[in-house]
Amino acid sequence: SLVRHYKFNLVLKNTTKICSSKAIVTVNGRCPGPALYAREDDNVLVRVVNHVSYNVTLHWHGVRQRQTAWADGPGYITQCPLQPGQGYLYNFTVTGQRGTLLWHAHISWLRATVYGAIVILPKKNASYPFPKPDKEEIIILGEWWKADTEAVINQAMQAGIPPNVSDAHTINGLTGPVPNCSPQGTYTLHVEPGKTYLLRIINAALNDELFFQIAGHHLTVVEVDATYTKPLTTPTIYIAPGQTTNALLKADQPPAKYLITVSSFMDAPVGVDNLTNYGILRYPGTPTAATMVLTSPPPLNATAMQSNFTASLRSLNSKQYPTAVPLTIDRSLFFTVGVGVNPCATCVNGSMLVGDINNVSFVMPTIALLQAHYYNISGVFTDDFPAAPPVIYNYTGNPPSNLRTMNGTKVYRLPFNSTVQIVLQDSAAIAPESHPTHLHGSNFFVVGKGLGNFDPNEDPKSFNLVDPVERNTVDVPTGGWTAIRFRADNPGVWFLHCHLEVHTTWGLKMAFLVDNGNGPNESLPPPPSDLPKC
Ligand code: C2O
């Protein structure tokens, strides 16, 4: 294995999209930022220097960070931010992982423009467990606001209302054709007849779950969140923020222009973002005037299609890549996830939206939890995060009136190497809504999923303990539940949150504290000497 060196300079860059310009925070002046390439088991060193006036941290989303919790990156969870002028060396090894992931800023809303791909290739002499593609292509999906995104979220927080939705979606930074605006770049995938392409599709959007289609072609999913899956052939890929999907595309259609669409999946009651972005797949020699073969994007609220797609994914579970789902569980947790309303004297409407898990709305500390844990600093967090909601009710019916959330910086303590099951239930406190939920520091297995209320007596009988898909981000379906399992074999503090940034901002987040074990490689190593201080 090799050591891969990267230099990430955080710099402002004046950028024009959809007929308006603003200065954005970027890595090395680029948005999307540079792709990180490594092979499985390589050591990755990213030297980050902050040349902007914001506090920044970077997160390597989906990298397991075994024994390297200090490099995970969520602000005030594993580290204090890099202040203007500061640098930090993120040092981690991509052990036992291969596939596509993403990196992004993990503080406030800076990931709107600070993001990029992570490509982990198989080990030197290993091959893919599917036919070797002729070419590979990164397709990274994002969102664009005309306004400064820090101002967008600050205003929303002060008013207690949903923030403005984005003004455009992007594919590799390109917005495609925009009405009333001179032509912008349109993403074009040039293919040669007969060749097979591995598309590395990444959803780096803040708040939009997406459907991805290429007209006239099927896509065969072979990997999600850097874990191999059984091949799943589909015309439509659903992908949530934080998720990555590798799919094979065979260029086997007559030469023509084929539309690519990236459309929203959103059944939320507020702040609906229904923009669609367009790209084009082209065969060589297709006249510019050739007619376009069109997609048929699902409707905005295609809930059944979304949950069928995610429920159809299976881990590969081959001899070489076995599925290590825990068969017994030491900790059984039930988490309601949702957004509700609390009174707010200083807010414009006298109330504000709050995100919560088990009625606890997470309050960001002012010292990173991992530092507080390591140095035994008291008063930063409490370890009384509830294992179940305080009020049991009909989660998918009318919520009771006593649902008011409490604020707290609470963690749930997990003994080293314990096996954990979490049933994530959409609490539908205002209305049913999908919550793509992300866990740091571990992948998990998605053992079950359903609509309505989880039934603790019946539903576990149909759990898949053979080939459940392994992921780091999973949708909790609208008005439904998802059950996940993992092994807490990585000492540290690990964030769990909805990857819709607006929900995270409102408090839909918590953290696990995984205690040290007793073996030689089971305890949290000391922090690197350049770890930023708060
Ligand atoms: Cu992709 Cu906690 O984040």
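Modeller: Let's start with a term: on a 1 Å grid over the protein atoms alone, a pocket is an open set of points with protein on both sides within 12 Å along at least five of seven lines, a cavity is a set where a 1.4 Å probe fits but cannot get out, and lining residues have an atom within 4 Å of a point. This is a predicted model, where local features need pLDDT of at least 70, side-chain atom pairs count only at pLDDT 80 or more, and totals for chains, interfaces and linings use all residues. Residues are numbered from 1 along each chain as its sequence is written, and side-chain values use heavy atoms, with hydrogens and water left out.

Colleague: Okay, which residues lie nearest the centre of the largest pocket?

Modeller: Look for G96, P322, A324, F445 and E470. They belong to a lining of 28 residues. The space in this pocket is about 660 Å³, where a volume is the space filled by probe spheres set on the points, with points joined across faces, edges and corners.

Colleague: And which strands supply at least two residues of that lining?

Modeller: Strands (E, at least two residues) and helices (H or I, at least four) are DSSP runs, numbered from the N terminus. For the largest pocket, β15 (227-234) and β31 (480-488) each supply at least two lining residues.

Colleague: How do the residues of this lining divide?

Modeller: Ala, Val, Leu, Ile, Met, Phe, Trp, Tyr, Cys and Pro count as nonpolar, Asp, Glu, Lys and Arg as charged, and the others, Gly among them, as polar. Here you get ten nonpolar, ten polar and eight charged residues.

Colleague: What volume does the second largest pocket have?

Modeller: About 480 Å³. It has 19 lining residues, and I107, S108, M364, T505 and K509 are the ones nearest its centre. Two helices, α1 (149-159) and α4 (501-506), each give two or more residues to that lining, and α1 gives the most, with four. By type, the lining of the second largest pocket has nine nonpolar, seven polar and three charged residues.

Colleague: On to sheets. In what order do the four strands of the open sheet stand?

Modeller: Strands pair if DSSP finds at least two bridges between them. Here the order is β2-β1-β4-β6, with mixed pairing. β2 (20-27) and β6 (87-93) are at the edges with a single partner strand each, so one side of each has no neighbour in the sheet. Zoom in on β4 (residues 43-50), which pairs with β6 in the antiparallel sense over seven bridges. On that pair, L45 stands opposite N91 in β6.

Colleague: What is the order in the open sheet of six strands?

Modeller: Follow β10-β9-β12-β17-β14-β15, again with mixed pairing. β10 (168-171) and β15 are the edge strands, each with a single partner, so one side of each is left without a neighbour in the sheet. Inside the sheet, β9 (residues 135-144) and β12 (residues 196-203) pair in the parallel sense over seven bridges. There, I138 has R200 of β12 as its bridge partner.

Colleague: Single residues next. Is T229 buried or exposed?

Modeller: Buried means under 20% relative accessible area, exposed over 50%, and partly exposed in between (1.4 Å probe, protein chains only). T229 sits in strand β15 and has a relative accessible area of 3%, so T229 is buried. N358, in the loop between β22 (351-357) and β23 (360-362), is buried too, at 0%.

Colleague: Which backbone oxygen does the side chain of N358 reach at 3.0 Å?

Modeller: That of P386. A polar atom of the N358 side chain also lies 3.1 Å from the backbone oxygen of F334.

Colleague: And where is the place of G452?

Modeller: In the loop between β28 (444-451) and β29 (470-471). G452 has 21% relative accessibility, so it counts as partly exposed.

How values were computed:
Polar contact = N/O pair within 3.5 Å; in protein donor to acceptor, adjacent residues only side chain to side chain.
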